[in-house]
Amino acid sequence: MGSLQRLPLALAPPAPWASDALPFASPDQLDPDLQELLDSASRMLCQWLGSAASRAPLPALGLTPAVAPSVQGLGGDVLLAELQQVMEGAYNPNHPGALAHLDPPPLPASIAAEMVCAGLNNNLLAEELSPSLTRLERSLCAWLAEAIGLPAGSGGVPASGGTLSNLTALVVARQHQGLQGRSDAVVLASSDAHVSLDKALMVMGLPATALRRLPVDPAGRLQSDALADELDRCRLQGVPVLAVVATAGTTVCGAVDPLASIAGLCRSHGAWLHVDGAIGAVYALDPGHAQRVQGLGLADSVTVNPQKLLGITKTSSLLLLAQPQLLAEVFATGLPYMEASWGGSHGGECGLQGTRPAEALKLWLGLRQLGQEGIRAVLDGAIERTATVMDLLRPLQGLALRGGDLHLLAMTPLGLSAGQADHWSQATRQQLLAAQLMLSRPLYQGRHHLKAVLGNPHTRPAQLEQLAAIVASSLTAKP
Ligand SMILES: *Cc1c(COP(=O)(O)O)cnc(C)c1O
C-alpha cells in the first residue's frame, strides 16, 4: 500500500477509460461524489414519500425526460433533476387513498435494503458471487416456509413476481408427476384463479384448454364438490392431472378456496397441490390470522408475495415447497463455470432465473423491522378496514358486495345491464378520484365492479366513510 502511494503521479490527465475519469465509486476511500448523490437521492425520496398525501394517488401524465445518453455524461445535479421529473409522474402508493391495487406503501427497512442490495451488486446465481446472501436467502426461505405451516425441511426460492413463482411451481409439479411430454395433462383451478396460470401453461407448451376452470360459490371460492367430480372424471377418462391450483386470496374478491378439503382430495387422488397464496399466504404468519388460510401447510407448493400486503419493495415473491430439493432436481443443469456450492444448490440451479438480485435482503430486513407485532398489526389493520367498509356498504340497497375473506372487496349495483355497470363504474371511479380515493374497475363475471384493496396502513376511517358516501350517492344517481 505505502509503496504504491509513493510512486510518482502521472502528469498527463487520466485516460478517458481510467476509473478516475469515470463515475464509479472509489475503491480506496469514501467517495464524496457517491455519498452526495446517495444523500441527495435519499432526501428527494424521503421528500416524495413525505408529501404523498398532498398529491393525487394517480398523477396526471407529465413530461418524460430525454432517454438517450448525451455525448458527455451528466453530473449529479442534472441526474437528480431528471429523476425528480420521473418521480412527479409516478403512481403514489404512500397516499392514504391509494386503494386500487395490491401495491402498498413501501416499508422503510426494505427501501434501505434495496439500496444496499444494489450497492453490493451480488448475484444469487452462484454462491461465490453472493456468499452471505445465498445463505441468508436459503435460511429465510426455510424459515418462511415453516412459518406459513409447511412441514420441517421445507424451503424454496425467490422469483421475480408471483407469475414466475406459479410457473416454477407448475414446472416442478409436472416433473414430479412424471408428466413431461404429456400434451394431454391438465391443471385444475377455479374460474377466479389468476391469469398467470394461463401464461404458465402457454410457456409450458400446453394448450389453453389444459387449464380447466371450475365453478366458484357466491363468495368466489372453488367448490370442492366440483373439484371432486372433475378429479373422478379425469381418473375415469385417464386424463393426467398435472396439478390442482387452489387460490388463497383471489384477485378480485380476496376469496380463499377451501384449502383443507382440497388438500384431502389431492391426497386421495395423488395430485400435486399448489396454492397460489400471492395475496393471502402472509396471513399464515400470524397465529391470530392463520385460520383465514387454514390448510395452507398441506400444500406441496405455495406462492407467497410479500410485496402485496407487507410492503416489501417490488419484486418480492417466493415459491415455497414441502420438498425444496425438487427445485434443483428439475432445474439444475450444472454450472461448469462456477465453483461448487458450499451447501445446497446454487441459486441459479433452483429456478428459471439465472442472475438474480438479493431480493431476500429487503424481505429479511423488512420483516425484522416489523417484528411479529408489526406483522400482526398490518394484518389486523387490513382486516379491520375491510370490515369497516363492509359495515358501511352492507345497508345500501341495491349494491352487490363481494369479498370479505381477506382485505379485498368488490361491488357493483344490482339490476344494471353490463353496459350500465360499465358506465356506473367509470363515473363512480371518477368521483372517487376527485376525492383522492383510487379504486380499480375489474371486469368480474361479465360486469364491471369497483374494487377496494384495504391493505394501505395510512387509510383512515374518514376516507372509508367518504368512499361509502360516494358509492351511496352513485346508487341514487343510477343511470
Ligand atoms: C398478483 C397475483 C399473482 C401474480 O403476481 P405478480 O407478482 O404480479 O406476477 C398471482 N396470483 C395472484 C392470486 C395474484 O393476486
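Author: A polar contact is a pair of N or O atoms within 3.5 Å; within protein, one must be able to donate a hydrogen and the other to accept it, and residues adjacent in sequence count only if both atoms are side-chain atoms. Here, an N or O atom in the side chain of K308 is 2.7 Å from an oxygen atom of the ligand. This is a predicted model, in which local features need pLDDT of at least 70 and side-chain atom pairs count only at pLDDT 80 or more, while totals for chains, interfaces and linings use all residues. Residues are numbered from 1 along each chain as its sequence is written, and side-chain values use heavy atoms, with hydrogens and water left out.

Reader: How far from an oxygen atom of the ligand is a polar side-chain atom of Q307, and how far is an N or O atom in the side chain of T163?

Author: For Q307 the distance is 2.9 Å. For T163 the distance is 2.6 Å.

Reader: How much of the ligand does the protein bury?

Author: The size of an interface is often given as the accessible area lost when the parts come together. Accessible areas come from the Shrake-Rupley method with a 1.4 Å probe, and for residues only the protein chains shown count as cover. The ligand exposes 380 Å² when taken alone, and 85% of that is buried by the protein.

Reader: Which elements give two or more residues to the shell around the ligand?

Author: Helices (H or I, at least four residues) and strands (E, at least two) are DSSP runs, numbered from the N terminus. The elements in question are α6 (162-176) and α10 (306-309). Helix α6 supplies the largest share, three residues.

Reader: How many residues surround the ligand, and how many of them are nonpolar, polar or charged?

Author: A residue is near a molecule or strand if one of its heavy atoms lies within 4 Å of it. The ligand is surrounded by 14 residues, and the closest are G162, T163, D276, Q307 and K308. For the classes, Ala, Val, Leu, Ile, Met, Phe, Trp, Tyr, Cys and Pro count as nonpolar, Asp, Glu, Lys and Arg as charged, and the others, Gly among them, as polar. The shell holds ten polar, two nonpolar and two charged residues.

Reader: Is T168 buried or exposed?

Author: Buried means under 20% relative accessible area, exposed over 50%, and partly exposed in between (1.4 Å probe, protein chains only). T168, in helix α6, is buried because its relative accessible area is 3%. Its C-alpha atom is 9.5 Å from that of F331, although 163 residues lie between the two positions along the chain.Reader: Which backbone oxygen atoms does the side chain of K362 reach?

Author: K362 is found in helix α12 (residues 359-393) and counts as buried because its relative accessibility is 3%. A polar atom of its side chain lies 3.3 Å from the backbone oxygen of T313. The side chain of K362 also reaches the backbone oxygen of T315, at 3.1 Å. T315 has its place in the loop between α10 and β7 (317-321), and a cis peptide bond with omega of about -10° joins K314 and T315.

Reader: Where does N121 lie, and what is its phi?

Author: N121 lies in the loop between α4 (108-120) and α5 (131-147). Its phi is positive, about 50°, although N121 is not a glycine. N121 is exposed, because its relative accessible area is 64%.

Reader: Into which domains is the protein chain divided?

Author: Domain bounds come from an automatic or database domain assignment. The chain is divided into domain 1 (33-90), domain 2 (114-368) and domain 3 (373-476). The centres of domain 1 and domain 3, taken over C-alpha atoms, are separated by 33 Å.
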